[in-house]
Amino acid sequence: MKISYNWLKQFIKTDWTSEQTSELLTDLGLEVEVVEKYQSIKGGLEGVVVGHVLTCEKHPDADRLKVTTVNVGLEAPIQIVCGAANVAAGQKVPVATIGTILYDKDGAEFTIKKGKIRGQESHGMICAEDELGLGNSHDGIMVLADDLVPGTPASQVFQVTNDEVFEIGLTPNRADAMSHYGTARDLRAGMLQRGVNVELITPSVSNFRVDMRTLKIDVNVEDNHLAPRYCGVTISGISVHESPSWLQDRLKAIGLTPKNNIVDVTNYVLHELGQPLHAFDAAKINGKIIVKTVEEGTKFVTLDDVERTLHKEDLMICDEKGPLCIAGVFGGKKSGVTEGTTTIFLESAYFDPVSIRKTAKRHQLSTDASFRFERGIDPTITEYALKRAALLIQEVAGGKITSDVVEVYPKKVEDFSVLLNFSHVSKIIGQEISKDTIKKILVSLDIKVNSVSDSGLGLTIPAYRVDVQREIDVIEEILRVYGYNNINFSKKFNATVANSPRTEDYKVQNVIASQLNSQGFHEMMANSLTTAAYAKLSTSLKEEHNVSMLNPLSSDLATLRQSLLFSGLEAVSYNINRKNSDLKLFEFGKTYHKYLNGYEEHKHLSLLISGNRNKESWTSPQKTTDFFLLKGYVKAILSRLGIEKISNTPVQSDIYSEGTAITYNNDILVEMGVVKKPILKHFGIKQDVYYADFNWDLVLKIITGKIKYTEIPKYPEVRRDLALLIDQNTSYESIFNLAKQTEKALLKDINLFDVYQGDKLPEGKKSYALSFTIQDNSKTLTDAQIDKIMSKLQQTFETELGASLR
């Protein structure tokens, strides 16, 4: 936001420098990022003075040049060689003296230097208007009024405006400061706190009066929720033309391009008071003004010649034949003010901020008006701003006010009530501030003190302070005006050590993240917003469960994700397309779901691996990732967390072509497997991707935080191997579980170290080579004990699985 210092000083009379003012504004929370100088004429005509041509003679060596002597207010006249045909003795002319910097039409600067032109010395330049930036004419030199005194600075003659402009990085919550008046209001509060007694001067509208009641346009507001307050007035007999220089300079200083006197006045009042206005050509209004929504799909052409399709919730300013303007956002082509306009209907309104923001986002329009409406303007100045603009229009465009102010304001926008406790102020700020100082600050911010007690204050917050709704907001206001720099800090450092359990979510996350990083994984963070179309890629996801954004920025960011898979595949695709195809990624994130009974969030940990296990090297063969590698990473995580008593079940989600699920007490803890080819094809991925999805909420519920340990065994372990011939449909898991049930006490570990299938075996059979580790923690095992255990295992395999020894 740009604030003109000259303009600001119309509200507050101050002799402070721009540096002092910018420092105070920054302390108040209106951070001044830069202060720029503005001049209505580039260069400010510095070095250009009024000259009196005393003599003018033909150049002896050039037919088109003339040698002049010019009085520029110095002790002696100077000689200037001039090529203008209209230069003559006795004229008063603008002279750029030696060292003056001028600018050409492209903005490039050039310096006037002493020189010789065809043998004659020249000590300056007699200027045309385009050379000074005063116009476009180059027909000849400018001839000034005869009564001007030689040596008078041209900046005084042409009334060059010099200004300083603050670029303020305004935070979105400070809607009250989005104008020169709002900034001045804050500045006054800060100056009063620093002992500088200043008055806030507001433009007077006491001269507003109806000249004749010849053109009344009625107003009908169909939805008072969307337009709580609406005012309008007609002005007839105006003349649309360029604005006067003072008005153009004001707008140019803050980066606006002047258009015509009517539009410029509406822009001026918007940036002066923060109240957007709109002027309609009254001759193009059919019947009365109707503020309403229109049918879905209605076509409407805006001022930028773009035909827009209206939404059923877009608030429109209409007449009896159709829409004229998108309320609070953008005007219509057909009802806009043109050079032929002689009568206008001037609108000033307060529109619902949410409605305006939705409309502006839907149509991808961001205007100065919508910027303010959607953040919440002051509903109390609607009529005042209208009258201020009407008087300015009469000043710059003539005309007469031809109707009373038509106002629709059925329910007043009420101020807010807040109770302030003095002890809370001291506790939050960390320093005792006197009660009188607190009251003084609040009054300077237009916050009314209704009641006073020993413990606190009863306050009424003005409606335009939409960011001050609670006691903590009031305390923040007190602190920023009092001054953050005025708060004393103790030299003693106090620290509080929180006693949080080891199973705190962030601690567990850090442990697992460190483990995965050490295994070569990279952590990723994806946007929770995604496209609704992803729900169609899996039957386990339902479109009706999508949590949709009411006003999305784009279709790709329209819903909250139901799964971490698709954002992960986006990252995989992105990397593969950039020649990084060997990937190990993990993400901690949430999924979002809508059900009949409300909304739910679930936290997950996802793992994605694809490509080769290791980098290409001559020392080891390259091997691609597979399901068992992923399973190993998953088991390592569960082992690190101490999660036992788990079992495997068939995977339920259809995102996998094959996979498995790990359950804990019949609840799915992890699902993992190979992602289906059609899903990968949707993302343009041609290589296999392996995906694991942890139910992190269940993980946190299971872990106890208790550390379990056992002593290192003193007695040796024994290994025995068996080569079993079994049916092809017999799984290693069934052998593992059966062995554990058969020998619970001494069987410590089972390992499958070889699998053979081939034509040397009977049809429908396969061979498993298994190792069994046996150990007794209390004594050394004898051969008889070991043989007995192995015989029992062999007999069990034969009986339960039909296995036989090879």
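**Close-up views of cavities, a pocket and helix contacts**

**View 1. The second largest cavity is lined by 13 residues, and those nearest its centre are Thr 530, Tyr 534, Arg 561, Gln 562 and Phe 566.** A cavity here is a set of points, on a 1 Å grid over the protein atoms alone, where a 1.4 Å probe fits but cannot get out, and lining residues have an atom within 4 Å of a point. The structure is a predicted model, in which local features need pLDDT of at least 70 and side-chain atom pairs count only at pLDDT 80 or more, while totals for chains, interfaces and linings use all residues. Residues are numbered from 1 along each chain as its sequence is written, and side-chain values use heavy atoms, with hydrogens and water left out. The space in the second largest cavity is about 80 Å³, a volume being the space filled by probe spheres set on the points, which are joined across faces, edges and corners. Strand S31 (559-560) and helix H15 (565-576) each supply at least two residues of this lining; helices (H or I, at least four residues) and strands (E, at least two) are DSSP runs numbered from the N terminus. By class, the lining of the second largest cavity has 5 nonpolar, 7 polar and 1 charged residues, where Ala, Val, Leu, Ile, Met, Phe, Trp, Tyr, Cys and Pro count as nonpolar, Asp, Glu, Lys and Arg as charged, and the others, Gly among them, as polar.

**View 2. The largest cavity holds about 120 Å³ of space.** Its lining consists of 14 residues, of which Ala 175, Asp 176, Leu 273, Gly 274 and Asp 378 lie nearest the centre. The lining of the largest cavity divides into 7 nonpolar, 3 polar and 4 charged residues. In total, the count comes to 4 cavities of 30 Å³ or more.

**View 3. The largest pocket holds about 930 Å³ of space.** Of the 21 residues lining the largest pocket, Lys 631, Lys 635, Asn 648, Tyr 732 and Glu 733 are the closest to its centre. Two or more lining residues come from each of helix H16 (627-640), strand S34 (647-650), helix H19 (732-742), strand S39 (747-756) and strand S40 (765-774). By class, the lining of the largest pocket divides into 7 nonpolar, 8 polar and 6 charged residues. A pocket is an open set of points with protein on both sides within 12 Å along at least five of seven lines.

**View 4. Helix H7 (residues 261-273) and helix H10 (residues 382-397) have axes that come within 9 Å and cross at roughly 140°.** H7 and H10 are therefore oblique to each other. In their contact (heavy atoms within 4.5 Å), H7 contributes Asn 261, Ile 262, Val 265, Tyr 268, Val 269, Glu 272 and Leu 273, and H10 contributes Tyr 384, Ala 385, Arg 388, Ala 389, Leu 392, Ile 393, Val 396 and Ala 397. These contact residues of H7 and H10 divide into 12 nonpolar, 1 polar and 2 charged. Axes are lines fitted to C-alpha atoms over the stretch in contact, and angles run from 0 to 180 degrees between N-to-C directions; those under 35 degrees count as roughly parallel, over 145 as roughly antiparallel, 65 to 115 as roughly perpendicular and the rest as oblique.

**View 5. Helix H5 (residues 180-193) packs with helix H12 (residues 435-444) at an angle of about 155°, their axes being 9 Å apart.** H5 and H12 are therefore roughly antiparallel to each other. Arg 188, Ala 189, Leu 192 and Gln 193 of H5 meet Thr 437, Lys 440, Ile 441 and Ser 444 of H12. By class, this contact of H5 with H12 has 3 nonpolar, 3 polar and 2 charged residues.
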